[in-house]
Structure formats: structure tokens, C-alpha cells
Amino acid sequence: MNDDIAIEISDVTMKYRLMTEKIDSLKNFFIKKVRNEIKYEEFFALKQVNFSIRKGEVYGIIGMNGAGKSTLLKIIAGVLKPTSGRVLKRGSVAPLIELGAGFNGELSGYENIFLNGLLMGYSKKFIKSKMEEIIDFSELGKFIHTPLKNYSSGMRARLGFSIATVVKPDILIVDEVLSVGDFKFKEKSEMKIRSMMKEGTTVLFVSHSLGQVESICDKVIWLESGFVKEIGAAKEIIAHFKQHA
Amino acid sequence: MKTHVSNLVKYKDLFLELIIKDIKLKYRNSLLGVLWSMLNPLLMMVVLSIVFMEFFKNNIANFPVYVLTGRIVYQYFADATNFAMDSIHANGQLIRKVYVPKYFFPLSRVFSTLFTAVLSLVPLALTMMVTGLSLRWMNLLVIVPIFYLLVITAGIALILAAITVFFNDLKHMYSIVLMILMYMTPIFYPISIIPEKYLTIIKLNPIYPIVDMFRDVLLYGTLPSLTLHLICVGYMVVYAGVGLLVFYKSQDRFIYHL
């Protein structure tokens with residue numbers, strides 16, 4: 001593998017086996033098995049996807065709903081394992097996919113920073129040292145000791161974004177999160193991502209807003225029902241995509 | 001393998017936090033909680049002692065300590081495996097959203113249950129003193145069977161947690177298995193009443209040698225035999241090995257069943 005490659009996806013296929021009927025008990029399973037009534041339907045979310053991304057490149061992923069964009073991001077983030085194929089990643093990955101995963105409504109914002117940070121694989125010491133920075137960026141101020149269940153959805157999203165971006169990752173995966181918060185926070189979060197890009201972070205970006213993709217990304221991957229339809233310069237691909245749609 | 005180790009190092013704080021969270025949740029808002037964990041085995045011991053010393057006569061020396069040692073081991077095993085069993089389901093939301101080493105969930109529960117078991121060593125020590133057994137340095141060797149127990153329990157917990165993801169009626173079946181296991185463990189009867197032909201089955205029970213070892217170091221004041229150690233180590237390797245393998249092989253498919 002080349003030294004300056006950050007992500008390499010080779011022959012990644014994601015196959016879901018949908019049971020026509022949900023079987024979740026042993027009793028059911030054996031009865032159906034004996035009667036030979038278990039039928040599976042196969043569904044390919046991704047088929048033979050190949051591409052590689054160099055360090056520092058900013059890639060956008062576009063496509064219709066159900067084209068496999070989120071599945072692809074989850075595979076790269078490690079939440080899902082592909083049915084076949086390989087994913088190679090160089091360096092640390094910060095997924096901004098599900099912001100605030102594991103947030104607990106009963107705990108305060110402060111405690112949730114710890115919980116969420118630990119889930120992202122930060123150490124306790126690291127979280128403590130970055131606590132000020134996270135609280136500052138989230139602009140939560142005096143609400144930081146309020147239980148999370150009393151937060152508005154914008155406040156939750158801000159907190160989640162602040163925790164996820166406090167590290168300097170080598171690879172940043174962004175899924176539609178720039179639409180969180182009010183317009184001021186939107187600008188601020190876009191600035192943050194842009195500053196990371198300047199420092200050489202590789203970015204994978206999924207959005208339905210083609211304008212946003214075009215303004216941020218150098219290159220674009222166009223997915224269509226699990227296949228890579230086209231890869232290339234952002235402007236060109238987006239123009240094709242618009243014609244096609 | 002190297003990546004697994006580095007992953008464990010990276011997430012070790014999370015693992016500790018999960019254990020602490022479990023313990024906190026269990027004893028939340030109740031100072032009596034800790035006390036209860038000590039009182040519970042004590043009351044159980046009193047009841048069993050009355051039943052088996054007064055109603056059914058038996059000739060086990062120091063029956064209260066005998067029954068308590070057996071019960072602590074069995075109860076830990078039952079509580080930990082039961083608790084770990086639905087750990088994947090309970091954390092389903094999380095597993096669907098972020099990458100977290102999944103074995104953390106059953107294992108953290110196995111570890112947090114250990115806290116309760118260690119608490120119940122306090123009433124055991126009290127009972128020992130009241131019944132005239134003096135505490136000795138040797139009693140500290142109990143840490144060895146506790147370690148064996150922990151590893152064996154962890155292995156079985158991993159197997160159960162993995163299967164429960166796919167078949168959630170396992171829980172009901174397992175409660176029956178646990179009951180059989182309780183009668184297969186010489187908690188309140190001496191091993192000598194078991195007819196020869198059933199002895200092998202009894203000894204296949206993974207917690208039987210642990211109970212034996214507990215009694216050696218706490219009740220009889222003898223060092224456990226080498227054979228006993230070897231049996232325990234054998235069980236440890238088998239259960240932990242199979243547990244890790246089953247869990248590792250099936251963990252990628254968990255997400256479709258949550």
C-alpha cells in the first residue's frame with residue numbers, strides 16, 4: 001500500500017440476509033428448520049466497491065436515498081463489518097455519524113462528555129484536559145450541569161459535535177451533521193471542519209446538499225444502488241448527477 | 001492480535017467506567033444496598049443451617065461455613081452469567097451507532113458482579129469466627145479459586161451473551177439449567193452421598209472444583225491438591241477459549257438482530 005493513502009476500500013460488498021419472517025427464539029427456529037420453512041432474501045447494500053483516498057483529500061459521497069452512502073460510512077467507521085472485501089485505514093478516525101451516541105438523559109452535560117468521550121475511545125485524562133475546550137465550543141455555558149433530558153435537540157447536537165471534534169483526527173467522517181444547530185453554529189462547525197482540512201485531515205463527507213458538497217469537496221463518489229457509478233472531480237460528477245436525476 | 005491488544009489499551013478507561021457504572025446503578029440511592037448484599041447470604045445460611053442441621057440431620061463439620069462457601073460460589077456464577085446474558089441487547093442502541101469492542105458489555109457485567117461476591121466474603125469471615133474457625137493468613141489464598149471462577153464465568157457469559165442475541169428465549173431455558181447446576185453442586189449436601197455412577201457427572205460441573213477449593217483454604221485449612229488446580233486450569237482454558245471463539249465469530253452479525 002502506498003504511503004500517502006489514507007483509506008483504501010477494496011472489493012467491499014455488503015450483503016444483508018433478510019429473513020422473510022423474524023425468528024428470534026430457539027423454539028421457533030427448530031420448528032421452522034424441521035419444516036424447512038426458513039427462507040432468506042438477499043439484499044446488496046454495496047456491491048464490489050473499490051476506491052482509495054489519499055491523505056488530505058476531501059471526498060464527498062452523493063447518491064439517492066438507499067444508495068448505500070450511510071452503509072459505506074458505517075463500514076469505514078467500523079460499526080459494520082463488510083460481508084466481503086477489505087477496508088484499510090491509516091491513522092485515527094473520528095466519525096461524526098451519530099452524534100451523541102450513548103448520551104444518557106439522566107446525567108448532566110458534564111457527565112455525558114465523559115461518557116461519550118470514553119465511547120469514542122478517549123482516555124479519562126484526555127477528556128479532563130479538554131473539558132474546558134469542549135464546553136467552550138458547545139456554547140452551553142451554565143447549562144453544562146443541567147440533566148441532558150432538559151436540553152433542546154440543538155443543544156444536544158452542539159455538545160455531540162464539540163466532543164467529536166476535540167481531537168485532531170487523521171480521518172474525519174461527516175454525515176449530514178453540518179445541519180445541526182442554528183445558522184451561527186452551522187457556520188462555526190463548518191469553519192472547524194475547514195480548519196481541520198487545512199491541517200491535512202482526510203475528510204469523507206456525505207450530504208444531500210449538493211451545493212455544500214461542491215463547495216467543500218475536491219472529489220466526489222457517486223453511489224447508485226450499491227455500485228460506484230462515477231468517481232471524479234466534484235464539479236463534473238455533480239453536473240452528471242444533476243442531469244441524471 | 002496486535003490490533004486487539006492496542007484496542008484494549010485504548011478503550012481501557014471505558015471498560016473501567018462500564019464496571020463502575022454497573023456497581024453504581026445497583027447500589028444507587030441505597031446505603032442499605034451494600035448491607036443487603038452482606039445480609040442476604042447470612043440469612044440464607046441461617047435458613048439452610050436450620051433446615052439441614054435440625055430437620056435433616058447430617059454429619060458435615062461446621063455446616064454454616066460449608067453451606068456459605070458453596071452458596072457464594074454458585075450465586076456469583078448464577079448472577080454474573082444471568083446479568084451478562086442480555087448485555088448485548090441492553091446496549092443495542094449503542095452498538096448500532098458507534099464502534100465499541102462488544103465483548104466489553106458481557107465482561108464488564110461479569111466483573112461488576114464480582115463486587116457483590118467479594119462483599120459476601122464479609123459475612124463468611126464473620127461466620128467463620130463465630131463458629132470457632134480462626135482466620136489464618138492461608139485464607140487469603142481464596143483469591144486463587146476466585147480468579148479461576150472469574151475466568152470460567154467470563155467464558156460462559158460470552159457464549160450465553162452471543163447466543164442470546166439470536167435467540168432471546170434462551171433466558172428461560174437457562175434458568176432451568178441454573179437450577180440443575182445448583183443441585184449438581186454440593187452446596188448443602190456432602191459429596192459422599194452421591195452414588196459412584198453419578199459422580200462423574202457431578203464433577204463435570206465447572207463450579208464443583210472451585211467450591212472444593214474454597215472449602216480447602218477456608219474451612220479445612222489445607223492446600224488444594226495439584227489435580228484440583230489442573231482441573232480448574234483446564235476448565236478455564238476450555239471455557240474462556242470457546243467463549244472468546246464463539247463471541248468473536250458471531251459478533252459481526254449481532255447488529256442485524258438488535
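Contact here means heavy atoms within 4.5 Å. This is a predicted model, where local features need pLDDT of at least 70 and side-chain atom pairs count only at pLDDT 80 or more, while totals for chains, interfaces and linings use all residues. Residues are numbered from 1 along each chain as its sequence is written, and side-chain values use heavy atoms, with hydrogens and water left out.

**Stop 1: the two domains of chain A**

Select 5–92 + 169–244 of chain A for domain 1, then 102–168 for domain 2. These bounds come from an automatic or database domain assignment. Across the boundary, 11 residues of domain 1 are in contact with 11 residues of domain 2. The two domains of chain A bury about 1,100 Å² between them (accessible area, 1.4 Å probe, lost on being put together and summed over both parts). Now pick Phe185(A), Lys188(A) and Lys192(A): in domain 1 they lose the most area to domain 2, together 47% of what that side buries.

**Stop 2: chain B against chain A**

Show both chains. Here 22 residues of chain B are in contact with 25 residues of chain A. Chain B and chain A bury about 2,100 Å², 64% of it on carbon and sulfur atoms. Select Lys97(B), Phe167(B) and Tyr256(B), which supply 25% of the area that chain B buries against chain A.

The rule finds two salt bridges across this interface. One to display is Asp252(B) with Lys81(A), closest N and O atoms 3.5 Å apart.

Key: Chains lettered and ligands numbered in written order. Salt bridge = Lys/Arg side-chain N within 4 Å of Asp/Glu carboxyl O.
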